[in-house]
Amino acid sequence: MKDYFGYENKVCVVTGAASGMGKATTELLVALKAKVYALDWNPVDISGITKFISVDLSKKDAIDQAFQEIPEKIDCFFGIAGVSGIKNSFNQTVTIDFLANRYICEVYLNHRMESGGAIAFVTSTGGNHWEKDGNKKEYLPLIEANGWDQMQEVLESLDLNHLPGPLGYMFAKMAMNYYTAYLQPVFAKKHIRVNALLPGSTDTGMKNEFTLAAGGEEKLLASAGFAGRLATSLEMAYPIVFLNSNMASFISGELLIADYGASLTAQAKLTPDPMGEVTFDKIKLSIPKKDA
Ligand SMILES: NC(=O)c1ccc[n+]([C@@H]2O[C@H](COP(=O)([O-])OP(=O)(O)OC[C@H]3O[C@@H](n4cnc5c(N)ncnc54)[C@H](O)[C@@H]3O)[C@@H](O)[C@H]2O)c1
């Protein structure tokens with residue numbers, strides 16, 4: 001059969017390749033004969049990858065070091081790594097889930113990708129409502145900051161680190177959804193596509209943490225829509241691999257929601273919104289700092 005996906009011999013960089021969606025994506029890419037550079041802070045045990053690169057995405061120097069081990073020309077980038085925020089502070093969560101992706105795009109992908117390249121992020125339906133003014137005004141300063149150090153300074157100055165880590169997850173995913181829109185026209189000038197997948201609840205290494213954050217398995221299931229079960233990692237890897245493939249050659253600037261109908265029916269007000277009506281300006285008021 002013709003190679004419709006077109007991954008053969010393409011240099012693909014996958015973050016979060018050790019577990020869950022990143023692992024499933026890496027396995028598919030290897031099967032499609034891509035040259036996969038698999039990044040994670042845990043070891044990646046997948047035969048057929050071109051290289052495993054150990055990296056802590058919360059650290060600028062570690063990212064710089066990792067990209068020295070990746071070829072000058074990158075065809076596809078899969079920004080999948082992330083943390084739920086359960087074990088991390090608000091600012092650490094935003095650093096891993098948002099800042100690292102932005103830094104990689106602007107410092108490396110901007111120079112190392114050519115016409116025909118493609119970028120796919122895994123964000124989340126936890127970042128729904130990113131377009132609301134009350135959310136935008138909180139995360140936009142991070143989009144306006146330039147470079148790693150300034151982004152860290154701005155993050156500190158936002159004064160949100162007293163909020164729980166899982167709220168940092170939602171904040172970061174909202175910022176990533178906006179950033180996909182922001183980046184798309186910039187990279188479109190070079191004929192490089194930029195998309196994001198927004199999964200609903202998926203059975204991955206994060207499942208237990210998300211169950212805790214959601215307040216139980218039943219609530220977690222609500223963001224898996226009408227499926228009546230969580231998605232598998234492979235069911236998310238399929239659309240991720242599709243988005244960066246030749247099969248999606250006219251798809252760019254897409255936030256592809258894969259939650260079996262949960263977001264759409266909530267938007268139509270046919271079902272309750274599993275994400276609630278979160279706005280960060282209200283959250284800031286409702287969770288004041290202890291010393292305030
Ligand atoms: N599981 C879900 O229900 C769900 C829903 C929506 C979005 N997501 C998103 O999907 C993406 C993939 O997560 P997953 O669900 O497969 O979970 P996972 O925990 O199985 O995989 C996440 C991977 O990211 C790696 N990682 C985390 N922090 C890192 C760091 N600082 N440096 C290097 N590697 C790091 C982990 O080691 C792990 O291999 C994440 O961005 C997550 O936010 C998950």
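Predicted model: local features only at pLDDT ≥ 70, side-chain atom pairs only at ≥ 80, totals over all residues.
Residue numbers start from 1 along each chain, following the sequence as written.

The protein contains 11 helices and nine strands; helices (H or I, at least four residues) and strands (E, at least two) are DSSP runs, numbered from the N terminus. The C-alpha trace spans about 55 × 45 × 35 Å along its principal axes. Of the 292 residues, 49% count as buried. A residue is buried if 20 or more other C-beta atoms lie within 10 Å of its own, exposed if 12 or fewer, and partly exposed in between, with C-beta atoms placed from the backbone. Among contacts between residues at least 6 apart in sequence, 75% join residues at least 24 apart; two residues are in contact if their C-beta atoms, placed from the backbone, lie within 7 Å.

Helix 3 (residues 90–112) and helix 6 (residues 165–188) have axes that come within 6 Å and cross at roughly 20°. Helix 3 is therefore roughly parallel to helix 6. Axes are lines fitted to C-alpha atoms, for helices over the stretch in contact, and angles run from 0 to 180 degrees between N-to-C directions. Angles under 35 degrees count as roughly parallel, over 145 as roughly antiparallel, 65 to 115 as roughly perpendicular and the rest as oblique. The crossing of helix 3 and helix 6 is right-handed; a crossing is right-handed if the near helix is turned clockwise from the far one by less than a right angle, and left-handed if anticlockwise. Residues of helix 3 in this contact include Phe90, Val94, Phe98 and Cys105, and those of helix 6 include Leu167, Phe171, Met176 and Leu183. The contact residues of helix 3 and helix 6 comprise 12 nonpolar, five polar and three charged. In this division, Ala, Val, Leu, Ile, Met, Phe, Trp, Tyr, Cys and Pro count as nonpolar, Asp, Glu, Lys and Arg as charged, and the others, Gly among them, as polar.

Arg112 also belongs to helix 3. Arg112 counts as partly exposed because 19 C-beta neighbours lie inside 10 Å. The C-alpha atoms of Arg112 and Glu72 are 5.7 Å apart, although 40 residues separate the two along the chain. Apart from its neighbours within four places in sequence, Arg112 is in contact with Glu72, Lys73 and Ile74.

Helix 4 (residues 133–144) packs against helix 5 (residues 147–158) at an angle of about 155°, the axes being 8 Å apart. Glu138, Pro141 and Leu142 of helix 4 meet Met151, Val154, Leu155 and Leu158 of helix 5. Of these contact residues, six are nonpolar, none polar and one charged.

Helix 4 also packs with helix 6, at an angle of about 65° and with the axes 10 Å apart. Helix 4 and helix 6 are therefore roughly perpendicular to each other, and their crossing is right-handed. The contact involves Asn135, Lys136, Tyr139, Leu142 and Ile143 of helix 4 together with Phe171, Met174, Ala175, Tyr178, Tyr179 and Tyr182 of helix 6. Nine of these residues are nonpolar, one is polar and one is charged. Ile143 is partly exposed, with 16 other C-beta atoms within 10 Å. The C-alpha atoms of Ile143 and Tyr179, 36 residues apart along the chain, are separated by 7.3 Å.

Two loop residues other than glycine have a positive phi. Asp159, in the loop between helix 5 and helix 6, has phi near 60° and is exposed, with 10 other C-beta atoms within 10 Å. Lys269 lies in the loop between helix 10 (262–267) and helix 11 (280–286). Phi of Lys269 is likewise near 60°, and this residue counts as exposed with 8 C-beta neighbours inside 10 Å.
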